Amino acid sequence: MSSSNTLLERRYAALGLMLIAPTVLVFCAVIIYPLVSAIYLSFFNIFTPTLEGEWVGLSNYTELLQTGQFWSALGNTLIWTVGTLSLQIIFGIAMALVLHQNIWFRSLARSLILFPYFISTVVAVLVWKWLFNDLYGIMNHLLISAGIIDFPMDFLGTMPNAMVSVILVGAWKYFPFVVIAVLARLQSIPDALYEAAKIDGAGPIARFFDVTLPQLREVLVVIILLRAIWDFKEFDLIFLLTGGGPINDTQTLPLLVYQEAFALNDMGRASAYAVVMMAIMLVFMIVYIRRTRSEEGS
Amino acid sequence: MAEVVFSQVKKAFGTFTAVHGLDLHIKEGEFVSLLGPSGCGKTTTLRMLAGLEFPTSGDIQIGDRVVNDIPPGQRDIAMVFQSYALYPHMSVADNIAYPLKKRGVGRADRDIAVAKTAELLQLTELLKRKPRQLSGGQQQRVALGRALVRDPKVFLLDEPLSNLDAKLRGYMRVELVELHRRLGRTMVYVTHDQLEAMTMSDRIAVMEGGVLQQFAPPAEVYAAPANRFVASFIGTPGMTLMDGELSKQGGTWRFDAPGISMDVGALNDRAEPGGACLGVRPEHVSIGQGSINGTIQVVEKTGHENIVIIGLEGGQRLTGRVPAPQSWSIGENVQLSLDAEQAHIFGPGPHGPRLNLPSNIATPDLKSAAN
Ligand SMILES: Nc1ncnc2c1ncn2[C@@H]1O[C@H](COP(=O)(O)OP(=O)(O)OP(=O)(O)O)[C@@H](O)[C@H]1O
Ligand SMILES: [Mg+2]
């Protein structure tokens with residue numbers, strides 16, 4: 001940190017610049033440029049195929065805030081995010097606790113558990129659609145033969161079934177991420193803490209709340225923030241599963257952006273939606289950055 | 001308060017046996033150290049007593065209960081871990097109060113107990129801090145506080161001082177002994193530091209390879225080690241051990257080794273002519289005159305005394321301890337003598353038993369001082 005600029009220091013500085021320059025260039029090309037142009041486009045009324053149109057100022061924004069579709073999409077996004085994230089966290093922690101036990105199939109189970117996370121969304125959704133099918137799907141078959149329902153259920157074509165199904169498939173797809181992160185943290189909790197708690201008279205439940213959970217808190221905050229950002233902007237899983245239907249009941253903001261841009265060919269409006277989405281996610285981002293920074297500080 | 005009894009306790013991890021048929025009877029209120037080299041099974045023994053590890057066979061008794069099937073929380077014990085194992089997210093006060101909380105003690109009573117314990121261990125100023133804001137010695141006192149707050153039947157301590165610097169360790173040794181005196185509770189203390197074991201214990205259980213070698217007061221372990229292993233393990237600088245031949249001449253025995261030959265008087269009835277081992281503590285070597293010839297090889301000056309290593313004619317080496325004014329230069333030829341009264345004879349092999357008669361020990365004053 002000295003301020004004296006020796007030749008050697010200047011040489012190192014030049015080398016450093018040279019080494020990060022490619023990254024900075026790529027970053028500008030793929031992040032900054034699209035970001036800036038999205039904001040720019042949101043002030044125009046643009047026809048997508050030609051990308052031509054006239055300046056409309058803030059009218060894209062005022063319109064979107066007045067249309068019901070934006071608000072219902074925002075509501076759907078929140079329901080989807082909160083629903084699927086809660087399930088991911090609950091199942092993720094539960095499964096991590098199970099896998100942390102010394103069970104004989106542990107190593108096998110650990111690799112199996114990652115399967116939903118690694119499988120491509122398209123494949124996963126096709127399989128789920130097939131399972132959910134009301135004519136030949138195994139879900140309906142099982143439910144009927146178990147006597148729970150008398151007629152096949154429409155899992156994806158009616159509400160609230162469609163939203164519940166989307167949330168469940170999302171939870172299934174992304175809970176392994178929580179499992180892996182929590183498991184890694186669990187393994188670093190010293191055994192002596194549990195042993196001390198045992199001697200101090202704490203039962204299994206007290207040990208979970210007094211030893212395990214406090215140790216997981218930091219990692220859970222990070223997982224929740226990251227997953228919240230990722231779930232908020234989730235597109236392919238919902239688009240492929242329900243396409244936003246029935247009607248627009250599972251249409252989330254990313255789907256709405258897509259619809260405006262490529263179905264209704266209004267790139268300006270779509271950009272405005274995207275910018276608003278980004279503003280909402282910025283809040284999560286800031287919380288996340290502050291959390292991780294304060295952790296590094298302590 | 002309670003006695004602790006191990007009866008034929010064995011612990012195997014897979015095919016490896018960590019503790020072999022241990023018999024140990026710890027009296028009520030006694031301070032007992034488990035002492036031995038690394039990996040000898042001290043921690044395993046303590047953990048079995050705590051209920052964190054289960055004996056493969058044999059019984060463990062605390063008070064008048066066999067505790068084999070009783071979970072740790074109900075054994076009425078408290079343990080101080082080598083790593084302290086403080087709950088990192090709880091304040092010092094909450095850490096100390098935790099065992100009380102889990103036993104349903106009310107808030108007001110908890111606060112009183114914590115305040116009392118904190119005062120005893122000089123932690124009052126630190127009650128609001130988190131463990132990571134404490135020094136090693138302070139953390140160690142908190143760990144101790146968490147054990148003391150509950151007044152259990154037996155205290156278990158696993159190398160609680162090993163993470164402290166030498167000065168603090170000396171201080172905490174005194175504190176622990178004082179605490180034991182005041183509380184009068186049974187304490188089982190694991191250490192591989194013989195100084196700790198010697199200075200703190202009523203009795204020391206010396207272990208090696210999972211086998212109990214000797215269970216006796218410190219002075220006796222020092223003055224009459226039960227076998228060659230104990231003799232070599234206890235004492236710094238260590239006892240000189242020389243292999244040689246034992247022969248009987250009338251009623252007395254004679255020990256011969258290259259460069260050394262001495263009458264060792266009467267031995268017990270396990271003694272047999274043939275291979276044996278002579279053990280001499282450094283303080284029982286006098287340099288200046290005698291029938292043994294040697295050459296000074298090393299002189300270590302510690303301030304108030306000098307440790308001298310002498311090469312004997314037969315190639316053996318002998319360690320002596322002399323007051324500081326006496327000094328020798330390296331290479332000097334000296335005559336020396338050994339105090340035959342204080343010499344030990346052990347049977348052959350690394351665990352050869354002590355063959356001296358019991359009356360050969362002059363230790364009554366040391367023993368009463370330790371108790
Ligand atoms: N869980 C375990 N599985 C297998 N072997 C073990 C286990 N715990 C201990 N051992 C073995 O048992 C032996 C005794 O271990 P223990 O921890 O009791 O030694 P110790 O006397 O406390 O040594 P130290 O002074 O190094 O702490 C060691 O050889 C160790 O490798
Ligand atoms: Mg140990």
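**Contact between the chains, then each chain in turn**

I'll start with the contact between the two chains: 14 residues from chain A and 16 residues from chain B take part in it. Please keep in mind that this is a predicted model.

Which elements of chain A give two or more residues to the side that touches chain B? They are α9, residues 191-199, and α10. Of these, α9(A) supplies the largest share, six residues. Sorted by class, that side of chain A has nine nonpolar residues, four charged ones and one polar one.

Staying with α10 of chain A, residues 204-232, the axis of this helix comes within 9 Å of the axis of α3, residues 68-100 of chain A, and the two cross at roughly 140 degrees. The pair is therefore oblique. As for hand, the crossing of α3(A) and α10(A) is right-handed. On the α3(A) side the contact is made by T77(A), W80(A), T81(A), T84(A), L85(A), Q88(A) and I89(A). From α10(A) come I224(A), R227(A), A228(A), D231(A) and F232(A). By class, this helix contact has six nonpolar, four polar and two charged residues.

Now chain B. Here there is an open sheet of four strands with antiparallel pairing, in the order β2-β1-β4-β5. At the edges are β2, 16-26, and β5, 65-66, each of which pairs on one side only. Inside the sheet, β1 of chain B, residues 4-13, runs antiparallel to β4 of chain B, residues 57-62, and five bridges join them. To give one position, K10(B) has S57(B) of β4(B) as its bridge partner.

That's what I have; comments are welcome.

How values were computed. Residues are numbered from 1 along each chain as its sequence is written. Chains are lettered from A and ligands numbered from 1 in the order in which they are written. This is a predicted model: local features need pLDDT of at least 70, side-chain atom pairs count only at pLDDT 80 or more; totals for chains, interfaces and linings use all residues. Axes are lines fitted to C-alpha atoms, for helices over the stretch in contact, and angles run from 0 to 180 degrees between N-to-C directions. Angles under 35 degrees count as roughly parallel, over 145 as roughly antiparallel, 65 to 115 as roughly perpendicular and the rest as oblique. A crossing is left-handed if the near helix is turned anticlockwise from the far one by less than a right angle, and right-handed if clockwise. Two residues are in contact if their C-beta atoms, placed from the backbone, lie within 7 Å. Ala, Val, Leu, Ile, Met, Phe, Trp, Tyr, Cys and Pro count as nonpolar, Asp, Glu, Lys and Arg as charged, and the others, Gly among them, as polar. Two strands pair if DSSP finds at least two bridges between them.
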